[in-house]
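The sequence and structure come first, and the description follows.

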Amino acid sequence: MRIAFMGDYSALYYNIAIGLRKLGHTVDIYNGENSYKKVPGSVENKYTNKTNSRVIGRFVGLLNLYDKIKKIPNYDIVQFIGPSAFLLPLNYMLCSVIVRKSKKCFLSSAGNCYHVQRAYLEGIYKYYMFDDLDYFKGNKLNESLFWNEKLEKKLADKFDGIIPISWEYAKAFEEHSNLKRGIQIGVDLEGTEYRENIVHDKIIIFHGVTREGVKGTYLVKPALERLQKKYPDKVECIVDGKMPLADYLQLMQRTNIVIDQCKCLSWGVNAVYAMAQGKVVMSGAEPEAKEYFDSADDCPIINILPDTDDIYNKLEELVLNPDKIYDLGKAGRTYVEKHNDCVDVARQYLDVWSGC
């Protein structure tokens, strides 16, 4: 089959595409804007921004992408990263063109969108990665989300299926009759080196910086600073990021513990990469998130709350019991081999697509 993915900013689709290509399918990935992560895509969206405005630059980039999309051949399957895969106001135009040209279209429920924001305000989530943004102040959505609401409601039911990547997204879209069973995040295991998690001179703890407010960096950093001060001879704490994906994964490789995020109930692509490398992972991993994927018994991720003391206490437990690090790292690799291999994940997507 000929398959296209629209929008990939975390390597979610990049890894699924590897699995699909190994199964003999042709896959293209279109990105509206490739950020500092430089996630590889099949269709590069290069353009010259002659202004100093990032907004204008993105708009010009989307115009360039729109021109490319008008020329693309018909695909058997097209999947969008979310209902707002591209920058408004071009988003609806881009989505509509693609839907008309494709045999089947699907939606990944992932990232920030109106549906999950509404679910948070309705009290479905204990906490939420965007809960400190301005448009939640006063417990109401702002005007910009009004347009997202209209767009999402107009688009969501047009898709042949909505496929969530975690429990939160399944809950957010459960009112839609075309909601499918969630599929875990895939990772290219052949391309991700596993190393036994052995502590040498110090335990190296890493928190990758991307979107500080979303990932909870402002809660993680004080815990790391406190730990570093109390155990200067036992730990080395690294807070770094906003770099190309390849450089980021290379930095991760030299660590023992990876702190993914503390403001989500589930884990993300970063956590899956870390487990594949054999790292101990701390992230959102609430019971409902684990049970959704039938992995309550074998998921080794240490659940952390959006609370500095909770993060500190769980890190200190590992510092005082370093023998646990090796076993947790090995359990992480075992977990992703069972649940996250990109070829197995690709097969699950093929099953959903063919069943619609």
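Axes here are lines fitted to C-alpha atoms, for helices over the stretch in contact, and angles run from 0 to 180 degrees between N-to-C directions. The model is a predicted one.

**Two helices**

Helix H8 (residues 217-230) and helix H12 (residues 308-320) have axes that come within 8 Å and cross at roughly 40°. Angles under 35 degrees count as roughly parallel and 65 to 115 as roughly perpendicular, so H8 is oblique to H12. The crossing of H8 past H12 is right-handed. The residues that make the contact are listed by helix below.

| Helix | Residues in the contact |
|---|---|
| H8 | Leu 219, Val 220, Pro 222, Ala 223, Leu 224, Arg 226, Leu 227, Lys 230 |
| H12 | Thr 308, Asp 309, Ile 311, Tyr 312, Leu 315, Glu 316, Val 319 |

By type, the residues of this contact between H8 and H12 are 10 nonpolar, one polar and four charged.

**The sheet**

An open sheet is formed by five strands in the order E7-E6-E8-E9-E10, with parallel pairing. Strand E7 (235-241) and strand E10 (302-303) are at the edges; each has a single partner strand, so one side of each lacks a neighbour in the sheet. Strands of a sheet pair through backbone hydrogen bonds.

Strand E6 (residues 203-209) and strand E8 (residues 257-259) run parallel and are joined by three bridges. In one of these strands, E8, Ile 257 is the bridge partner of Ile 205.

**Helix and sheet together**

H8 also lies across E6, E7 and E8. The angle at which H8 runs to E7 is about 155°.

Key:
Residues numbered from 1 in each chain as written. Predicted model: local features only at pLDDT ≥ 70, side-chain atom pairs only at ≥ 80, totals over all residues. Heavy atoms only, no water. Helix = DSSP H or I, 4+ residues; strand = E, 2+ residues; numbered from the N terminus. Parallel < 35°, antiparallel > 145°, perpendicular 65-115°, else oblique. Left-handed = near helix turned anticlockwise from the far one by under 90°. Contact = heavy atoms within 4.5 Å. Nonpolar A, V, L, I, M, F, W, Y, C, P; charged D, E, K, R; others polar. Pairing = 2+ DSSP bridges.
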